[in-house]
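Please examine the sequence and the structure shown here before reading on. The briefing is arranged by topic.

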Amino acid sequence: MTHNFHIPVMGLAYTIDTPLRVASKGIDSVVSIVDDDLAEKMRAFFCKKHQLPYTSISAKSIDHRAKRITAYLNVLDRLVKEKFQNFLDELSANKKELDQFIGMLPPKSVILEKIKELSPENFLQHASLIIKEHLSPGAIDVNIMTKVDKTNFRNKVALDTIYNDAHASLRGFAQSNLKSTLILSAGMNPSLYSYIGTFSDFLPDADGQLKKKVSLKVSDFRSAMIQGNFLAKKGVWVSEYRIESGLNCGGHAFATDGLLLGPILEEFKTRRTELEESIHGVLIKALKDKGCYVPDQPLKTKITVQGGVGTSEEHNFLLDHYSTDAVGWGSPFLLVPEATAIDQQTRQLLASAKEEDLYRSELSPLGVPFNTLRGASNDFYKQMRIDKQRPGSSCPKKYLALSKEFGEEGICTASRKYQELKINELEESKSDYTNKSLQAKRDSITVKSCLCVGLANPAYMEKEMEIKGEKQGVVICPGPNLAYFDKEISLSEMVRHIYGYTNVLKKGIRPHMFIKELQLYVDFLVDDIQNNLEGINRVKVKRWKLFKRNLMEGISYYENLFGAETTFFKDQKETVLEILSSYKSNVNDIIIPNVN
């Protein structure tokens with residue numbers, strides 16, 4: 001592995017072609033395979049651009065979703081390999097290109113160390129040979145949100161489970177030529193997890209190698225252990241646990257019960273061997289039952305972390321102190337045109353974003369808090385339809401038509417049909433509400449946005465492709481950390497920032513990533529209590545008490561960490577400890593209401 005960072009999945013389209021942009025430099029990145037329509041259109045675009053044969057895959061085909069995803073991933077794989085070879089050829093002939101690439105290597109890189117030993121004589125030739133020997137293309141990893149697994153119907157008859165959306169996406173990846181990793185996010189889906197074990201590429205071959213690997217995006221150790229053991233029972237080894245901050249991240253925010261990132265990482269660090277050995281024991285039995293190769297020792301496992309990292313010191317701290325294998329850098333790459341697919345207007349909006357512009361919204365039809373940015377074009381079109389008394393989306397893709405409230409075939413809560421039905425229901429009982437509470441109820445219905453279209457549009461707009469249907473604009477999903485970056489950044493500059501060679505942060509005060517997450521969690525608890533005082537029950541009170549206790553324990557952990565344990569952040573220690581003391585007092589003063 002050349003680099004010790006990766007670019008996580010962002011939205012549907014933001015990283016849809018990122019491997020083609022960055023893999024030649026050895027950078028791993030993740031493609032969402034939720035939207036087969038987007039994948040098909042991207043395949044058509046790149047086949048035309050690179051003069052490759054193209055035959056469309058009709059949506060009328062019963063397995064069109066899997067076939068489209070397979071076809072797009074195979075095109076990506078082919079183009080990445082070609083671009084990588086062209087890049088190697090360029091390095092051997094272009095000193096400027098070679099110098100720029102050398103400047104992007106991490107300080108402890110094997111390639112960099114060997115190049116430093118070279119003499120000036122025939123430097124270009126010898127350096128390019130070293131790179132050819134040690135550099136490999138960055139991985140084309142893929143992501144599936146396990147909850148996006150809608151049952152599909154033909155002539156009002158439900159199709160078999162293997163044609164569910166997430167199952168079909170999985171099959172699309174499994175049948176592709178890629179040798180990379182499937183990243184599963186949004187929690188456990190037992191049916192989907194069982195289905196993984198039916199594909200031989202996810203099982204060890206006779207040499208104990210995995211052609212395709214599984215990574216779990218998790219928010220705590222307990223979740224990793226439960227999901228890892230479940231998959232092991234199906235013969236599937238988890239090759240990576242991708243730990244993400246519950247709130248200091250982009251897109252959907254799956255908050256923990258007040259467990260903070262530092263203590264979570266500490267538990268993974270101290271119990272890593274236990275995790276591997278426990279799951280290895282379960283895996284052995286499953287592989288024996290399947291008649292597969294059984295490894296003597298646990299297969300390789302990576303622990304990685306992402307969410308809110310913004311400086312090279314934080315990056316190195318996460319690697320060194322917690323013995324992680326890599327760090328994910330997401331939102332800052334939204335400002336790197338060489339890495340992500342975004343229209344210029346949206347990128348300018350992102351660059352000008354301040355702390356107050358980035359917020360946790362309720363716009364996702366999944367019913368999960370969603371980190372986004374004020375002023376996105378989707379807000380304009382959504383409000384325009386509300387003003388015209390036609391709220392909601394036409395819902396052309398239906399990937400999030402998961403509500404069964406009005407029928408088994410499902411309906412999306414951002415759709416016009418759903419919102420009209422709910423508003424009509426509300427009108428029938430409006431005498432039960434004050435004007436203020438009635439409006440709040442309406443707003444809670446119409447706030448939902450069409451993510452299927454809004455998160456796909458940026459790629460079409462960047463490439464000047466035709467967008468058919470109702471105007472939805474763009475939905476943006478940056479994390480709070482983006483507030484501290486304020487300009488477009490080249491790929492070279494961004495990578496050099498990660499490794500500490502330069503600094504691209506905007507001038508001003510940026511809180512430590514752990515402090516920022518703590519602030520987000522304290523605000524989350526306070527808001528959750530205030531917004532749920534009506535209908536309070538013992539379950540809510542119990543959760544709030546646990547949340548508060550976890551926050552207090554997390555603050556104590558950080559006080560010890562910054563007080564004496566780490567040699568990092570020497571110039572921030574005094575300030576961080578003062579802030580922690582203030583938060584300890586604030587959290588202690590949070591009153592958890594009692595059940596009457």
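This is a predicted model: local features need pLDDT of at least 70, side-chain atom pairs count only at pLDDT 80 or more; totals for chains, interfaces and linings use all residues.

Residues are numbered from 1 along each chain as its sequence is written, and side-chain values use heavy atoms, with hydrogens and water left out.

**Helix H21**

- Helix H21 runs over residues 573-588 and has 16 residues; helices are DSSP runs of H or I with at least four residues, strands are runs of E with at least two, and both are numbered from the N terminus.
- From its first C-alpha to its last, H21 reaches 22 Å, close to the 22 Å expected at 1.5 Å a residue; the expected span is 1.5 Å times one less than the number of residues.
- Lys573, Val576, Leu580, Tyr583 and Val587 are the buried residues of H21; buried means under 20% relative accessible area, exposed over 50%, and partly exposed in between, with a 1.4 Å probe and protein chains only.
- An α-helix has 3.6 residues a turn, so residues three or four places apart point the same way.
- Exposed residues Glu574 and Glu578 are carried on the face of H21 turned away from its buried side.
- The cover over the buried residues of H21 includes helix H19 (513-531) and helix H20 (538-565).

**Helix H12**

- Thr346, Arg347, Leu350 and Ala351 are buried in helix H12, which spans residues 344-351.
- Seen down the axis of H12, its buried residues fall within an arc of 140°, so they line one face of the helix.
- Strand S13 (370-373) and H17 are what the buried residues of H12 pack against, contact being heavy atoms within 4.5 Å.

**Cavities**

- The count comes to 3 cavities of 30 Å³ or more; a cavity is a set of points, on a 1 Å grid over the protein atoms alone, where a 1.4 Å probe fits but cannot get out, and its lining residues have an atom within 4 Å of a point.
- The largest cavity has a volume of about 40 Å³, a volume being the space filled by probe spheres set on the grid points, which are joined across faces, edges and corners.
- Its lining divides into 8 nonpolar, 3 polar and no charged residues; Ala, Val, Leu, Ile, Met, Phe, Trp, Tyr, Cys and Pro count as nonpolar, Asp, Glu, Lys and Arg as charged, and the others, Gly among them, as polar.
- The second largest cavity holds about 40 Å³ of space, and its lining has 2 nonpolar, 6 polar and 3 charged residues.
- Among the residues that line the second largest cavity are Lys382, Arg385 and Gln472.

**Loop residues**

- Gln472 is in the loop between helix H17 (457-462) and helix H18 (491-498), and is buried at a relative accessible area of 2%.
- Gln472 and Lys382 are 90 residues apart in sequence and 7.2 Å apart in space, C-alpha to C-alpha.
- Thr566, in the loop between H20 and H21, is buried with a relative accessible area of 4%.
- Leaving aside neighbours within four places in sequence, Thr566 is in contact with Phe317, Leu561 and Lys573.
- Pro137 lies in the loop between helix H6 (123-134) and strand S3 (140-145), and counts as partly exposed at 34% relative accessibility.

Methods. On a 1 Å grid over the protein atoms alone, a cavity is a set of points where a 1.4 Å probe fits but cannot get out, and a pocket is an open set with protein on both sides within 12 Å along at least five of seven lines; lining residues have an atom within 4 Å of a point. The arc is that of the directions from the helix axis to the C-beta atoms.
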